[in-house]
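Please read the following walk-through alongside the sequence and the coordinates. It goes through selected elements in turn and ends with the confidence of the model.

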Amino acid sequence: MIANFGFGALVITFLVSLYGAAAAFYGARKNSPAWIESARSAMLLTFPLLTLVALTLIYLLVSASYEVEYVASVTSNSMPFYLRVTALWGGQAGSLIFWSWTMSAFASAVTLRNWERDREFLPWVILVSLVTLAFFLLMSILVENPFERIWQISTGSIVVSMFQPAGSVLVFPSDGNGLNPLLRHPGMIIHPPMLYLGFVSFVIPYAFAIAALVTGRTDDRWIRITRRWTLVAWLFLSLGLVLGGRWAYDVLGWGGYWGWDPVEIAAFMPWLTGTAFLHSVVIQEKRNMLKHWNMVLIILTYDLVIFGTFLTRSGVLSSVHAFAQSAIGPLFFSFISLTFVISLALLGRRWGELKANVQMTSLFSREALFLVNNLLFIGILVVCFWGVIFPILSEALGFIGSAIPALADTFTGQKVTFGPPYYERATAPLFAGLLFLMGVAPLAAWRHSTAKTLGRAVWKPGLASLLVPVLAYLLDVRHWAALLAFWLCGFVIFVTLYEFWRAARARQRSQGESLGLALWNLAGRNRRRYGGYIIHLGVVLMALGIIGIEMFQTETQGTLARGGELTLGRYTVVYNDLAVFDLLDEGRNVARSVVNVYQDGQYVGDLYPRRDYYYESQQPMTIPGVRSTLEDDLYVLLVDWQPISTQGATFKVYHNPLVNWLWLGGIVFILGTLVAAWPDPEEPLPAPARLPAVEAGVQS
Amino acid sequence: MEKALEPRPASGSRAKFIVGGLIIMAAIVYLIVSASRSSAQYFYTVEELVTKGAAGRDARVSGAVIGDSIQYDSQTLTLRFTVADVPADNAEIEALGGLAFVLHQAVTDPDRARMEVVYNGVQPDLLRDEAQAIMTGQMGDDGVFYADELLLKCPTKYEEAVPNQVEGGG
């Protein structure tokens, strides 16, 4: 049986991971290159093995083997080939396999790098990777096995199990449940793998951090090795978050992109610590400070990644993402607590060695501003974490409320939750602070910087940026928060462009290059810095989009007869036609309306808001008609229609100013990350004193 | 790499960093406390809301949707439906036989506490019989729950669907 084959490969991979982890540990302890080499082989073996597991599962999905419960739950006859393949991550069991598979690919890629200079790290990096991998494989084997089949036992009832229960027959359903229609969207096809790739690649810098702590080689070598990994992890995670937003905007039909859903927050939290980490490692590299802090950040990121994987798939929290319920919670929490405690214990052991030999002197130095940036990121993390965890605490700690009346409002003993307003109110000032720092920090000098020198650098772009709120005011923006937000955006843009211009001009003068060439060389020479600035520009553009939709979104709704119209701002929407038809080969019924859109009385085009009804899952899906321009989106939803006459139809119309800048900013952001992460030629090797022994280690 | 050796700064300089850090932390704590006071939503069960009300608080409640009760007025985009009481706790739901089963029981049991819900907006795609509705809003004096937010969850039910589709054994 093919399912048995897949399960067998899964179990073997688990055993190989355990062996590899043990061999790495033993090899490191006994200082035995042979054992370490054996561990490395085990690491490398997990990838082809897991490829086999994943391909087996994909084969089962594609061949419609509905006797396999996972296949029946995420695919159906009406699904096209590509959706069947991507159903690999359509449910929890498959997602975990996908997680392990990419984890193994990344860890294998790392073990293939040139280790000559970092021989002592190798066994520990393998150990951490394999222990993490083994945990996820164990989860797949024990709790979330995608190869379990459906059996009918002699009493007639149905059981799901890996192996045939006595006296039972295999059940072959003729069709499966199918992927939730909400997930049948191109964004949904790449959004989960991007998030997962981001999650998985953060394991690598963590593995190096632990290796550094165990071996006591606590200089910044581990950071230099993993710099690019961290950026790549961050790139995938950012991409995953942006794609998720885009999917929500396109599919969920509420004209929003982010709902502070617990699952969104779960993916956002490692991004926050990861971003703080990306900034604070620069301080360690440049100033040899914040070493403890960087360790704490990467440990937090790792455990938040595991936490995020758990939350996104476990269904413990009610959210749009909760498509599955599962029993993997206790196992996940044990693993998270265990790795967290062990990591902190290791950090505690090296605490003294990590002490910085220099200290910050000026509140206005760049390192101090980076530190503030870190505090703000952690602040947002605390807001998010509190929001997710408080409901549990408030209920469990009710006795505090009953004992101390002053706290009775906080600890009620009753289950509490926070909606989006909590997150918006608590994080908005922190995000504003981050934008402000984004403008100021690039102009601050390292080490000695005073309010005066900083002021001298800031005033020019600061003054120029005041044009932005003035312009906004003239365009009838009156809300103080919006004016402030626009000013912050303008400030960062001016500072960043000013930085580019200043440096390019200097280069132009000294090297005699043209301005364009100077810019190009500038970015090429110091990719991380200028890539970072491009990322900042991307963030500001995204902020513009967010300000637009959050502060200036307007909406209207109404039921129209044919030819009737709805007006919203400068737009008029005229209901023109509605057709209801079956697309049987795709298993859905489609109600598609045609509306004509007028802007300031001028006809500008048609939109086709529609509603698909999926027969097998008995679920409708609302697909908006959207007219996108750089200025705004007109977002029209078909809410309802008269079934018989198709004469009257109800529409909901949103006007979302500036929202496209959110997506454009996302693209700029990704480009900037690519610039920053683009590989450099390998750094020259230091004096080759230790090389011969190392060479022997690799050969044996 | 070169180690920049600088004299340790005077303690006054250290103090200003500590004060600066404390100010930022205090601001973060203030933001969290003020935001959580003003926007906490309290979980209730349908039964609690029907019998005791919510004391004017923002309430969050989960219930099983009774399909026959769904009425949608597309003129005003007013959605009305009735939900039946289900346990609030996930573990309890699991212990009772899973979400699908609990929802089915709640809908078919006429003795369960029931509550009418009014929601203004677009009818959600997942709203149907035996779906779990998670609502946020206020309990009106008229005994009707006015929801500002409506989330829905449908359990997968392959266990029930499979026997009808069996073609043959193997």
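Helix α9(A) bends by about 50° at R227(A), where the bend at a residue is the angle between axes fitted to the seven residues ending there and the seven starting there. Helices (H or I, at least four residues) and strands (E, at least two) are DSSP runs, numbered from the N terminus. This is a predicted model, in which local features need pLDDT of at least 70, side-chain atom pairs count only at pLDDT 80 or more, and totals for chains, interfaces and linings use all residues. Residues are numbered from 1 along each chain as its sequence is written, while chains are lettered from A and ligands numbered from 1 in the order in which they are written.

The helix α9(A) covers residues 221-251, and its end C-alpha atoms are 45 Å apart; this agrees with the 45 Å that its 31 residues should span at 1.5 Å a residue. The expected span of a helix is taken as 1.5 Å times one less than its number of residues. Of the 31 residues of α9(A), 26 are buried, so the helix is mostly covered. Here a residue is buried if 20 or more other C-beta atoms lie within 10 Å of its own, exposed if 12 or fewer, and partly exposed in between, with C-beta atoms placed from the backbone.

Helix α5 of chain A, residues 92-111, can be described in the same terms. From its first C-alpha to its last, α5(A) reaches 28 Å with 20 residues, close to the 28 Å expected at 1.5 Å a residue. This helix is also mostly covered, with 16 of its 20 residues buried.

A64(A) lies between α2 (33-62) and α3 (69-74), and its phi is near 55°, a positive value in a residue other than glycine. Because A64(A) has 20 C-beta neighbours inside 10 Å, it counts as buried. N288(A) is found in the loop between α10 (262-287) and α11 (291-314) of chain A. N288(A) is not a glycine either, yet has a positive phi of about 60°. With 17 C-beta neighbours inside 10 Å, N288(A) counts as partly exposed.

Strand β12(A), residues 625-628, pairs with β13(A) in the antiparallel sense over 4 bridges; two strands pair if DSSP finds at least two bridges between them. The two form a hairpin with 3 residues between them, and R627(A) stands opposite L634(A) in β13(A). On to the next strand: β13(A) and β14(A), residues 649-657, pair in the antiparallel sense over 9 bridges. Across that pairing, L637(A) stands opposite K652(A) in β14(A).

Y603(A) is placed in strand β9 of chain A, residues 602-607. Because Y603(A) has 11 C-beta neighbours inside 10 Å, it counts as exposed. Leaving aside residues up to four places away in sequence, Y603(A) touches N596(A) and Y598(A), a contact being two C-beta atoms, placed from the backbone, within 7 Å. T572(A) is 31 residues from Y603(A) in sequence and 9.2 Å from it in space, C-alpha to C-alpha.

Chain A is divided into domain 1 (1-179), domain 2 (183-351), domain 3 (382-552 + 668-677) and domain 4 (554-660), with bounds that come from an automatic or database domain assignment. The C-alpha centres of domain 1 and domain 3 of chain A lie 41 Å apart.

Chain B has 5 helices and 8 strands, which follow the pattern α-β-α-β-β-β-α-α-β-β-β-α-β along the sequence. Of its 170 residues, 32% count as buried. Among contacts in chain B between residues at least 6 apart in sequence, 57% join residues at least 24 apart.

Confidence comes last. The model scores ipTM 0.77 and pTM 0.85. Chain A has a mean pLDDT of 85, and 90% of its residues reach 70 or more; pLDDT is the predictor's confidence in each residue, from 0 to 100. Over residues 315-325 of chain A the pLDDT is below 50, and this stretch has 29 contacts in the model beyond near neighbours in sequence. For chain B the mean pLDDT is 76, with 79% of residues at 70 or more. Over residues 1-10 of chain B the pLDDT is below 50, with 9 contacts beyond near neighbours in sequence. Where pLDDT is low, the predicted coordinates should not be read in detail.
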